[in-house]
Amino acid sequence: MLRHIGAISNQPRLAELAPRIRRPSPRETIAAPDELTKLLTAAQPWMSVLVLLGAHAGLRISDAMRVCPAHRNADARTITIEQKKNGHPVTLPLTDQLKDMLDKAPDGPQTTPYYALFRQGMKRETVAKSGFAHAWQRLKKKAGVNPDLWFHDLRRTIAVSLYEISKDLRVAEQMLGHKSLSSTLQYLEHRDPAKLRPYLQALFTPKGPVQ
């Protein structure tokens, strides 16, 4: 920004005032296949559906906790939801395992989240994000998986898996519902740095003064 302002205001050295801060290294943690199996085996049904929405559909927890029957197209085997983070709608295919899980959901209003349908009869049908966070920690301990595994790492797991199978950035970008390829690249750089780092450099290198 200072470089552009300097060019416009005839102060080419203005950018030198900005401190040089290294871009933080991307998080690399993903869930191994056996860890996903352990999580699903140890989870109650309401947690299983959230884990599958994260691991098989790549949803953030804020979106996974909102997915309800109204978002589902049973004939097309998809779910379509507007992402809470950016307001961008995304349509995602259902894997066989996720479809089977959603098929098992108890009946209820079309706008009730799937996880809440599975909690019918419990003291509370819905939980706050803080309540989910506590349940996630208990589940990891019970399943005996990496205690540093974040729910968001399930989203990174599907991105990495799709890229390693397809070697197509757009496949991962579409699944994650990103509006910018730069976001997808930051999920994947550590898996194929020699190939992907030049794309990141091109995306983050200033292109000259703003016209």
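Because the model is predicted, local features need pLDDT of at least 70 and side-chain atom pairs count only at pLDDT 80 or more, while totals for chains, interfaces and linings use all residues. Residues are numbered from 1 along each chain as its sequence is written, and side-chain values use heavy atoms, with hydrogens and water left out.

**Exercise 1. Overall architecture**

State how many helices and strands the protein chain has, and in what order the elements run.

Solution. 
- Step 1. Elements are taken as DSSP runs numbered from the N terminus (helices: H or I, at least four residues; strands: E, at least two).
- Step 2. This gives eleven helices and three strands.
- Step 3. The order from the N terminus is α-α-α-α-β-β-β-α-α-α-α-α-α-α.
- Step 4. For contacts (heavy atoms within 4.5 Å), take pairs at least 6 apart in sequence: 56% of them join residues at least 24 apart.

**Exercise 2. Burial and the nonpolar core**

Find what percentage of the residues is buried, and which residues touch the most other members of the largest nonpolar core.

Solution. 
- Step 1. Relative accessible area sorts the residues: buried is under 20%, exposed over 50%, and partly exposed in between (1.4 Å probe, protein chains only).
- Step 2. Of the 211 residues in the protein chain, 43% are buried.
- Step 3. A nonpolar core joins buried Ala, Val, Leu, Ile, Met, Phe, Trp, Tyr and Cys residues through side-chain atoms within 4.5 Å.
- Step 4. The largest such core has 53 residues, and M47, V49, L50, L59 and W136 touch the most other members.
- Step 5. Helix 3 (residues 45-55) contributes the most to this core, with eight residues.
- Step 6. Leaving aside residues up to four places away in sequence, V49 touches M101, L102, Y114, Y115 and F118.

**Exercise 3. The two faces of helix 9**

Determine which residues of helix 9 are buried and which exposed residues lie on the face turned away from them.

Solution. 
- Step 1. In helix 9 (residues 169-176), the buried residues are L169, A172, E173, M175 and L176.
- Step 2. These residues lie on the same side of helix 9 because they cover an arc of only 165° around the axis, the arc being that of the directions from the helix axis to the C-beta atoms.
- Step 3. The face turned away from the buried side carries the exposed residues R170 and Q174.

**Exercise 4. A nonpolar surface patch**

Identify the residues of the nonpolar patch on the surface and give their accessible area together.

Solution. 
- Step 1. Accessible areas come from the Shrake-Rupley method with a 1.4 Å probe; for residues, only the protein chains shown count as cover.
- Step 2. The protein chain exposes about 12,300 Å², of which carbon and sulfur atoms supply 54%.
- Step 3. M1, L2, I5 and L17 make up the nonpolar patch, with about 450 Å² together.
- Step 4. L17 sits in the loop between helix 1 (2-8) and helix 2 (33-42), and is exposed at 67% relative accessible area.

**Exercise 5. Positive phi**

Give the phi values of N10 and R77, and locate both residues.

Solution. 
- Step 1. Most residues other than glycine have a negative phi.
- Step 2. N10, which is not glycine, has a positive phi near 60°; N10 lies in the loop between helix 1 and helix 2 and is exposed at 67% relative accessibility.
- Step 3. R77, also not a glycine, has a positive phi of about 55°; R77 lies in the loop between strand 1 (72-73) and strand 2 (78-82) and is partly exposed at 29%.

Key. Patches are made of residues with over 30% relative accessible area and no salt bridge: like charges are joined within 9 Å, nonpolar side chains (Val, Leu, Ile, Met, Phe, Trp, Tyr) within 5 Å. A salt bridge is a side-chain nitrogen of Lys or Arg within 4 Å of a carboxyl oxygen of Asp or Glu.
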